[in-house]
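Let us take a walk through this structure together. Have the sequence and the 3D view at hand as we go.

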Amino acid sequence: MTKEKDVIIQVKGLKKSFGSLEVLKGLDVEIDRGEVVVVIGPSGSGKSTFLRCLNLLESPTAGDILFHGKSILGKGLNLDEYREKFGMVFQLFNLFENLSVLDNVTIGPRKVKKIPKEEAEKQAMGLLKRVGLDNKADAYPSQLSGGQKQRVAIARTLAMEPEVILFDEATSALDPEMVGEVLQIMRQLAEDGMTMVVVTHEMGFAREVGDRLIFMDGGYIVEEGDPKNVIANPQHQRTKNFLSKML
Amino acid sequence: MILGMDFTFLNKYWFYYANGLKLTLQLAFWTLILASIIGIAMGMVRAQNYKFISLIIDGFINFIRGIPIMVQVFIVYYGIASQLPQFWAAVASLSVNSSVYIAEHTRAGMQAVNKGQMEAARCIGMSKLEANWYIIIPQAIKNILPSLCNEFILLIKNTSIVSVIALHELTYTSNSVRANTFLAYEPLIVTAVIYFVITYTIKKLVGILERRLHAHD
Ligand SMILES: Nc1ncnc2c1ncn2[C@@H]1O[C@H](COP(=O)(O)OP(=O)(O)OP(=O)(O)O)[C@@H](O)[C@H]1O
Ligand SMILES: [Mg+2]
């Protein structure tokens, strides 16, 4: 018996151009609650742009994105409220440099969700503990290693209790010995049932944690399916070429 | 006597300088306040890159920068602000002049904050206004403060311009002393020394402030 699917996001014919450069040329994707979708593809294929369209950091040129069945591109939508539901973890962390670790995690709940300071700090300490950094609460971002920064960034995202978290090459800027600690947290999140869209070059993670793999090239989705199958047995020549360079 | 110059006139005329200095500092103070408010606001709005507003602000900045400050003072004093008391007409024209430079420093300081900071703030649901207030501006202040202090030094020197509308600040005063004492150079030397001491002191204070700011990094 299959569990009934709960589709959170539907992407329909999504296109995005920067000036005359068409970067996304019509993407169709559905993402279910609790699903981990891994996106791979060569540099410049539009992976980041795809993620950034999902949380409307970039506005699509054509097509539609439905969130719980409702278009997010129509007028009258409160963009800020919508973005709140999407966490995003960046390659370069983007921790707020003027704020301590604790304030990085609490500022969203306090200023956006209007949660009282004490309550927000209690929640934040819990999250920092979960990523193993409760002892760094008073530190500033400049005092942290790359891996620690990314863990704080994940805690900051979780503090907003998002429905979906987008990871854009969250481990690409890390020294090799720090990649593991961040992947471990992402793996844990996946096990806890978080819906995730993960752009990564970590094929091990894709295979073991991903529910679905999407291979993008030249602004198109070339191939998608069960990660293990796609990696072991790619159907398209472009996927084969890409994977042979990755593995 | 230094180099054949005679400074004994100071016994009788020092209070001219005291009064002139007082007015100069008052001019500088009020100009700093007004110019900072106008300039910082203008720079912050400009940093948002709204097309139409940016065009207007850039136009205004270029316009003011293209006109000699003495001409600006005359235009404000005889024209736009002719109803204002002399002092405030001077403050108004000096403020407009300084504000465009402060606006440029502010814009540059805001835009120097990493773009990722704004994106991360938007991603946790902050509005642009909230993101600017809690994240961008606190970081921009660090970038802006040193150039703002340098602007203050320029502004003190600029106040000498308003002697042309007969405001009895330091430069005007030294001319009065020259007329009364029939001394050509000595009163000007005293004036120069006073300007130098003020601006050099501020420069040193700015240096200390900058080191403090960077000690935090
Ligand atoms: N704001 C922008 N303005 C203009 N062009 C852009 C912009 N953002 C991205 N592009 C272009 O869009 C194309 C796709 O970029 P994107 O960052 O989505 O690729 P990517 O798959 O994430 O690549 P990478 O693996 O290098 O991160 C590139 O050619 C890039 O130069
Ligand atoms: Mg990218």
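Predicted model: local features only at pLDDT ≥ 70, side-chain atom pairs only at ≥ 80, totals over all residues.

Residues are numbered from 1 along each chain as its sequence is written, chains are lettered from A and ligands numbered from 1 in the order in which they are written, and side-chain values use heavy atoms, with hydrogens and water left out.

Chain B has 8 helices and 0 strands; here helices (H or I, at least four residues) and strands (E, at least two) are DSSP runs, numbered from the N terminus. Its pattern along the sequence is α-α-α-α-α-α-α-α. The C-alpha trace of chain B spans about 70 × 45 × 25 Å along its principal axes.

How do helices pack inside this chain? Two packed helices are described by the angle between their axes and the distance between the axes. In chain B, take helix H2 (residues 51–65) and helix H4 (residues 86–111): their axes come within 9 Å and cross at roughly 130°. Axes are lines fitted to C-alpha atoms, for helices over the stretch in contact, and angles run from 0 to 180 degrees between N-to-C directions. The angle makes H2(B) oblique to H4(B); angles under 35 degrees count as roughly parallel, over 145 as roughly antiparallel, 65 to 115 as roughly perpendicular and the rest as oblique. The crossing of H2(B) with H4(B) is left-handed, a term used if the near helix is turned anticlockwise from the far one by less than a right angle, with right-handed used if clockwise. From H2(B), the residues B:Phe60, B:Ile61, B:Ile64 and B:Arg65 meet B:Val96, B:Asn97, B:Val100, B:Tyr101, B:Ala103 and B:Glu104 of H4(B), contact meaning heavy atoms within 4.5 Å. By class, this contact of H2(B) with H4(B) holds 7 nonpolar, 1 polar and 2 charged residues. Ala, Val, Leu, Ile, Met, Phe, Trp, Tyr, Cys and Pro count as nonpolar, Asp, Glu, Lys and Arg as charged, and the others, Gly among them, as polar.

Now to the place where the chains meet. In all, 22 residues of chain A are in contact with 16 residues of chain B. Together the two chains bury about 1700 Å², with 59% of it on carbon and sulfur atoms; buried area is the accessible area (1.4 Å probe) that two parts lose on being put together, summed over both. Of the area that chain B buries against chain A, B:Glu119, B:Cys123 and B:Ile124 supply 34%, more than any other three residues.

H3(A) passes H6(B) in a right-handed crossing. Here A:Ile107, A:Lys111 and A:Val112 of H3(A) make the contact with B:Glu130, B:Tyr134 and B:Ile135 of H6(B). A:Asn98, in the loop between strand E6 (86–89) and H3 of chain A, touches B:Tyr134, B:Ile135, B:Pro138 and B:Gln139 as well as A:Tyr140, not counting residues up to four places away in sequence.

Which charged pairs join the chains? There are 2 salt bridges across the interface of chain B and chain A, a salt bridge being a side-chain nitrogen of Lys or Arg within 4 Å of a carboxyl oxygen of Asp or Glu. B:Arg122 and A:Asp80 meet in a salt bridge (3.2 Å, N to O). A:Asp80 also forms a salt bridge with A:Arg83, the closest N and O atoms being 3.8 Å apart. Both A:Asp80 and A:Arg83 lie in helix H2 (residues 79–84) of chain A, 3 residues apart, about one turn of the helix.

Finally, look within chain A. The axes of helix H4 (residues 117–130) and helix H5 (residues 146–159) of chain A come within 9 Å and cross at roughly 140°.
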